[in-house]
Amino acid sequence: MKSQKLAGGYVKGGGWKGFWHNLGLDIRRNKVLYLFLSLILLYFFIFNYIPMGGLLMAFQKYSPAKGILGSRWVGMRNFVDFFSGPYVGRLIRNTVWIGVLDLVVNFPAPIIFALLLNEIGQKHFKKIIQTVSYMPYFISAVVACGLVISFTQAGGVISNAVAFLHDGQSINLLNDHGSFRMIYVLQNLWQGVGYGSIIYLAALSGVDQELYDAARMDGAGRWKQTLHVTIPGIMPTIIMMFILRMGVVFSVGADKILLLYNPANYEVADVINTYVFRMGVTQQDYGLSTAVGLFNSIIGTIMLLSSNKILKKLTGTGMF
Amino acid sequence: MKYKLKFSRVLFLTVDVVALLGIGFVCLAPIWHVVMASVSDPTVLGSTRGLVFYPLKRVDTTAYHIILQYKKLWVSYGNTILYIIVHCGLTGVFTTIAGYVLSRKRLYFRNGFMMIISFTMLFNGGMIPTYILIRKLGMIDTPFAIVVPGMLNVFNILIMRTSMEGIPVELEESARMDGAGELTIMWKIILPLCKTTFAVIMLFTAVAKWNDYMSALLYLPTRTDLYPLQMVLRQILITSTADYTNAATMANTISIYKKSVEYAAIVVSTLPILCIYPFIQKYFVTGVTIGAVKS
């Protein structure tokens, strides 16, 4: 192939030699740009790719003194230990239960809230309710969980209310095995319903007003308009949010549960991520905890990839 | 077009307004309860079964005196503010740089680099390998463990890049003609045009750091003097391991006011945020919408 000189010293069609020439020239011309790029890549290498290498610990009896290269390899032993251990059942059960319950309650709630809000014509009332409903989102997880603990302990406001309805004693609801998961989900509802509705309100304001006029012409009442104009109008947003949410349904985060649970309710509250935390950080069994974390990561990645695939098929655009 | 009010519509609107007022009440009532309970008489508070809507018996500010003298809380308050400033600074600078570099169309292997970075969104080492890394880097029990990890995130880079790609090339070219360097173009020409995106990223980063207690729980095992606010609140509210003893207050006063002090701690740590937030609310709305468009 004959190479061809371009303006500025670059060559075209010079094969590998031409390519290296161009790259070298580009790097010399844009030193700052490539310096920046290497900084960014260095960050991702250190903080993201090295820990990926650290996943090898899952197949080791890792000892911090010996490091990854010096520790003893044990094959699938850590996985076997986990899957034959006493906690695997409750961990998977709790993770799936909490994930699914959270999805079932906290996915539709912001949509319903947005629809209820959308029916209000009075601007100030709407604005005030919106502002108030976003407020719990700005309360930190620690404070929110502190409030939950305070309200649901024996003698707390919620415990008293439940006792009144059941005509029973005010008990510590968090340690009540039937209530923990629901309390966790309702806590998320309280913090997330207003904030989660923002996206749907944005979608609602984007629905074509002419469609409403047309529906009215055809004699559709408000209910019919909601059913045939409003909901189809925000359906793309709903589907997208649902699929995104499906991708993380089993990645129940450790942060709130670590605050709410205690040994008395591990049976219903302990999820994979909190177990990884306890095993790894508290008990320093790095091999086992890395193995459990890897198992959770793989499930998470599969969920994310398949939800992304579905999203691509339905809308033509995915996240990656 | 005139719209006739039917009975069913009036009924629906009534139910709707009542439901919304109910939701508003549920969102606000616990916060109000905390404020009022923190200034209530502790013995009356202890025997009250429901929510507190006004100061019980009398306005009692003893809990605030106790919390004001609880040094650890205020030290951690300062730490958190410092962590937020440094972390946001790092995030701002490096996200801008990353967005700028990756939005250059002439960059070699641009898509390859983008994929290397995006892959970390899909799969990562997880809690324990990251913990081991931070330990090997010698960051355990140093403030670096709080501000450095997580300063760059793929999502922020993606929205920054998208916003920078939207800027017409002519602006940049004319600046280059005038002899402007890469840095000048980035800070003076490109960044000012991406102000909203930048503000949104800063805001979400600041809120996330404000709420973050996990990194301190993991990476500050012994240096409690470096604790961020949320860790001290955790000791006060969750683990009940805070010790308020000091020369000025008697031990039994402290035990009587324990609950009120918890509420007072929530008030001093949360109310400032709740008061600022309505003014920056529109950025959150923008942020959520940008995020949705991107994904």
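Mentor: Let us begin with contact: two residues are in contact if their C-beta atoms, placed from the backbone, lie within 7 Å. By that rule A:Val292 touches A:Phe82, A:Ile272, A:Tyr275, A:Val276 and A:Met279, leaving aside residues up to four places away in sequence. Please keep in mind that the model is predicted.

Trainee: What makes A:Val292 stand out inside the largest nonpolar core?

Mentor: That core has 130 residues, and A:Val292 and A:Leu260 are those with the most contacts inside it.

Trainee: Why is A:Leu56 called partly exposed?

Mentor: A residue is buried with 20 or more other C-beta atoms within 10 Å, and exposed with 12 or fewer. A:Leu56 has 17, and therefore counts as partly exposed. A:Leu56 lies in the loop between H2 and strand S3 (60-61) of chain A. From A:Leu56 to A:Ile158 the separation is 102 residues in sequence and 46 Å in space, C-alpha to C-alpha.

Trainee: Why is A:Gln284 counted as exposed?

Mentor: A:Gln284 has 12 C-beta neighbours inside 10 Å. The limit for exposed is 12 or fewer, so A:Gln284 meets it. Its place is the loop between H15 and H16 of chain A.

Trainee: What makes the backbone of A:Gln284 worth a remark?

Mentor: Most residues other than glycine have a negative phi. The phi of A:Gln284 is near 55°, a positive value in a residue other than glycine.

Trainee: What is the phi of B:Ser240, and why is B:Ser240 called exposed?

Mentor: Phi of B:Ser240 is near 50°, again positive in a residue other than glycine. B:Ser240 has 10 C-beta neighbours inside 10 Å; exposed means 12 or fewer, so the term applies. B:Ser240 belongs to the loop between helix H13 (229-237) and helix H14 (251-256) of chain B.

Trainee: How do you know that helix H6 (residues 127-136) of chain B is mostly covered?

Mentor: Seven of its ten residues are buried. These are B:Met127, B:Ile128, B:Pro129, B:Thr130, B:Tyr131, B:Ile132 and B:Ile134.

Trainee: Which elements do the buried residues of H6(B) pack against?

Mentor: From chain A there are H2, helix H15 (272-282) and helix H16 (286-315); from chain B, helix H7 (144-147) and helix H12 (214-219). After H6(B) comes B:Gly138, whose phi is positive, near 75°.

Trainee: How many residues take part where chain A is in contact with chain B?

Mentor: On chain A there are 68 residues, in contact with 67 residues of chain B. Helix H2 (residues 31-54) of chain A gives the most to the chain A side, with 14 residues. By class, that side divides into 47 nonpolar, 15 polar and six charged residues.

Trainee: How is the packing of helix H7 (residues 123-134) of chain A and helix H1 (residues 7-38) of chain B described?

Mentor: Two packed helices are described by the angle between their axes and the distance between the axes. Here the axes come within 8 Å and cross at roughly 35°.

Trainee: Which residues meet in the contact of H7(A) with H1(B)?

Mentor: A:Ile129, A:Val132 and A:Ser133 meet B:Leu20, B:Ile23, B:Gly24, B:Cys27 and B:Leu28. The classes are six nonpolar, two polar and no charged.

Trainee: What separates the domains within chain A?

Mentor: Chain A is divided into domain 1 (4-75) and domain 2 (79-315). Their centres, taken over C-alpha atoms, are 38 Å apart. Six residues of domain 1 are in contact with five residues of domain 2.

Key
Residues are numbered from 1 along each chain as its sequence is written. Chains are lettered from A and ligands numbered from 1 in the order in which they are written. This is a predicted model: local features need pLDDT of at least 70, side-chain atom pairs count only at pLDDT 80 or more; totals for chains, interfaces and linings use all residues. Domain bounds come from an automatic or database domain assignment. Helices (H or I, at least four residues) and strands (E, at least two) are DSSP runs, numbered from the N terminus. Ala, Val, Leu, Ile, Met, Phe, Trp, Tyr, Cys and Pro count as nonpolar, Asp, Glu, Lys and Arg as charged, and the others, Gly among them, as polar. Axes are lines fitted to C-alpha atoms, for helices over the stretch in contact, and angles run from 0 to 180 degrees between N-to-C directions. A nonpolar core is a set of buried Ala, Val, Leu, Ile, Met, Phe, Trp, Tyr and Cys residues joined through C-beta atoms within 7 Å.
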